[in-house]
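Here are my notes for you, one topic per point. Have the model open while you read.

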Amino acid sequence: MDKKILIGMIPLIAAGCAGKGGESLIGTRPNILLIVSDDQSYPYAGAYGCDWVRTPGFDFVAENGILFNNCYTPNAKSAPSRAGLLTGRYSWQLEEAGNHITPWPNDRYLTLFEALGENGYRAGFTGKGWAPGDPGKRNGKKRQLTGKPYQKREVASPPTTELGKWDYAANFADFLSDDNGEPWIFWMGIREPHRKYQYGTGLSLTGKSLSDVTDIPPYWPDNEEVRTDLLDFAYEIEYYDAYIVKAIDMLREKGQLNNTLIIWTSDNGMPFPRRKENSYEHSTHLPMAMMWPGGIRKPGRVCDDYVSLVDITPTILKLAGVGAEEIGMDPVYGTELTDILANKPVNSRDYLILGRERHDDARPDNQGYPIRALLQDGYLYIHNFKPWLWPAGNPETGYRDCDSSPTKTSILNLRREGADTTYWHCCMGFRPEYELYYLPDDPMCVNNLSDSDKARIEAMNALLVSKLKEQGDPRMEGKGDIFDSYPFYQPKFQDFYERYLRGEVEPSDNKTFLMSDYESEAIAY
Ligand SMILES: [Ca+2]
């Protein structure tokens, strides 16, 4: 059957369902506005009670929809996290696309935007889509994994030197004006609060003071550099929030707000040591809110269920009234959330699976840092498969699995000066093979219970392994190192460690990495 005809029939079927119970949202085909910020951890938004990050836009969406208290990404790094969101699959189910800065496999793993774009939805994006990496080809053509680009509109004079160049709202207006009568799906790829930040602008542009910052974790020094860094991070969130307010106003003016599901989240945790790239609470726990005046029942709710970024694709497919495989995608492994939107009793998954393979070019032999983890009943169990590797990357090449920052510099300098090594050990030092944290008591993940609660580890590990086997995770079959064999998408990343030690590359400071991070002396451990 022609798929376009098939999708055209869905609303009739769905209308029948809705008529009986009045509650089902399946097949109602709303427009979808998916807002994905870059590197924003939970709870850094006003709606979560963080009063030094002011987010009227996010708070509005939460107050008029659902605020999710337990949304996590399986993999706390841009490209693999976005790949999971776009396919409804875990990063270890996506071959090369499960790593960072790699090619997306040609003709494989059709994304939600590609599939819906060919089946009755108009799909587009602005800002950062699936990145960084090479999207590869499908049927010989360069792929558009997040739909058609709308990138023409740029900000004439951004308030700091380090903000993204895109005018998200103006590009979204261009997309809306291309209306062809189909429902649409739009990826608002926010560049903030990715590094780097213009130092001190979080103070100079907002009237805040260093004492406004709360909850400095015990693994960072509480000093002026760290507090300034956090306020700069907050400023970038506040900057992009204003663009979403504009986008929502635009939808209202066009009469489309009522029939648009807004999903607002991030791709991974904040770019600070022991956060982004890891599997800890502030690495993987993300802000999320959804609003849909014409769909979400009983708006103004809070949802405490465990929700994963891989749940977004199956949810949107349900709303579109199509199955993944029916429109050419691979099977999805996320859990669809339409019952949560409809305020129906939810008998959902009571655990979340997290993990990672290779992120940046941070170690010898192009090795990653393999982790799998399970979150259940407030406990976070982490299995570090190779505890003999440097978790943040090798010191002699600057710990490249940890973005450069004033906070990182402060931690590195305190060790070099012999003043304090505690922070360095927590953020850069080796880790045990097993970790266990009870998040309600220990959200910073510093009190490892793995030695005192072996029964819990055993039970959690059994569940984790059984689920990963169901997912076909190569690491469960002793084939996990295949992730280290996938090439980076640009030669400059490949064998970086060896080429640097041989003196074949002269790395210089760039947006993400500073030469001052590189350790010139061996570190006794
Ligand atoms: Ca990111």
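**Notes on the predicted model**

1. Let's start with a strand pair. E12 and strand E13 (residues 371-376) run antiparallel and are joined by six bridges.

2. An open sheet of four strands has the order E12-E13-E14-E15, with antiparallel pairing. Which strands are at the edges? They are strand E12 (351-356) and strand E15 (434-438), each of which pairs on one side only. On average, neighbouring strands in this sheet are turned by 15° against each other, if you ignore direction.

3. Now for the loop that links E12 and E13, where you'll find Asp365. Its backbone deserves a look: phi of Asp365 is near 55°, which is positive in a residue that isn't glycine. As background, most residues other than glycine have a negative phi, and most peptide bonds are trans. Is Asp365 buried or exposed? Asp365 counts as exposed because it has 10 C-beta neighbours inside 10 Å, and the cut-off for exposed is 12 or fewer.

4. Asp495 is another one to check, with a positive phi of about 55° although it is not a glycine. This residue is in the loop between helix H14 (482-485) and helix H15 (496-501). Asp495 has 18 C-beta neighbours inside 10 Å, so it counts as partly exposed.

5. While you're on backbone geometry, look at two prolines. The peptide bond from Tyr42 to Pro43 is cis, with omega near 5°, and Pro43 is in the loop between strand E1 (31-37) and H2. Ala131 and Pro132 are also joined by a cis peptide bond, with omega about -5°. Pro132 lies in the loop between strand E3 (122-127) and strand E4 (137-138).

6. Strand E2 (residues 66-72) comes next. How many of its seven residues are buried? Five are, so E2 is mostly covered. E2 pairs with E9 in the antiparallel sense over five bridges, and there Phe68 has Met288 of E9 as its bridge partner. With E10, E2 pairs in the parallel sense over three bridges; the bridge partner of Ile66 in E10 is Arg301. E2 is also joined to strand E11 (residues 307-308) by two bridges, and these two run parallel. Cys71 has Val307 as its bridge partner in E11.

7. Between strand E9 (285-291) and strand E10 (301-303) there is a loop that holds Lys298. Lys298 has 8 C-beta neighbours inside 10 Å, so it counts as exposed.

8. On to helix packing. Two packed helices are described by the angle between their axes and the distance between the axes. Here, helix H2 (residues 56-63) packs against helix H7 (residues 224-253) at about 50°, and their axes are 7 Å apart. That angle makes H2 oblique to H7. H2 brings Pro56, Gly57 and Phe58 to the contact, while H7 brings Asp241, Ala242, Ile244, Val245 and Ile248. Sorted by class, the contact has six nonpolar residues, one polar and one charged.

9. Last, the domains. The domain assignment of the protein chain gives domain 1 (30-342) and domain 2 (354-517). Taken over C-alpha atoms, the centres of domain 1 and domain 2 are separated by 24 Å. At the interface, 43 residues of domain 1 are in contact with 42 residues of domain 2. What does the side of domain 1 that touches domain 2 draw on? H7 and helix H8 (281-284) each supply at least two of its residues, and H7 gives the largest share, four residues. By class, that side of domain 1 has 20 nonpolar, 12 polar and 11 charged residues.

How values were computed. Residues are numbered from 1 along each chain as its sequence is written. This is a predicted model: local features need pLDDT of at least 70, side-chain atom pairs count only at pLDDT 80 or more; totals for chains, interfaces and linings use all residues. Axes are lines fitted to C-alpha atoms, for helices over the stretch in contact, and angles run from 0 to 180 degrees between N-to-C directions. Angles under 35 degrees count as roughly parallel, over 145 as roughly antiparallel, 65 to 115 as roughly perpendicular and the rest as oblique. Two residues are in contact if their C-beta atoms, placed from the backbone, lie within 7 Å. Ala, Val, Leu, Ile, Met, Phe, Trp, Tyr, Cys and Pro count as nonpolar, Asp, Glu, Lys and Arg as charged, and the others, Gly among them, as polar. A residue is buried if 20 or more other C-beta atoms lie within 10 Å of its own, exposed if 12 or fewer, and partly exposed in between; C-beta atoms are placed from the backbone. Domain bounds come from an automatic or database domain assignment. Two strands pair if DSSP finds at least two bridges between them.
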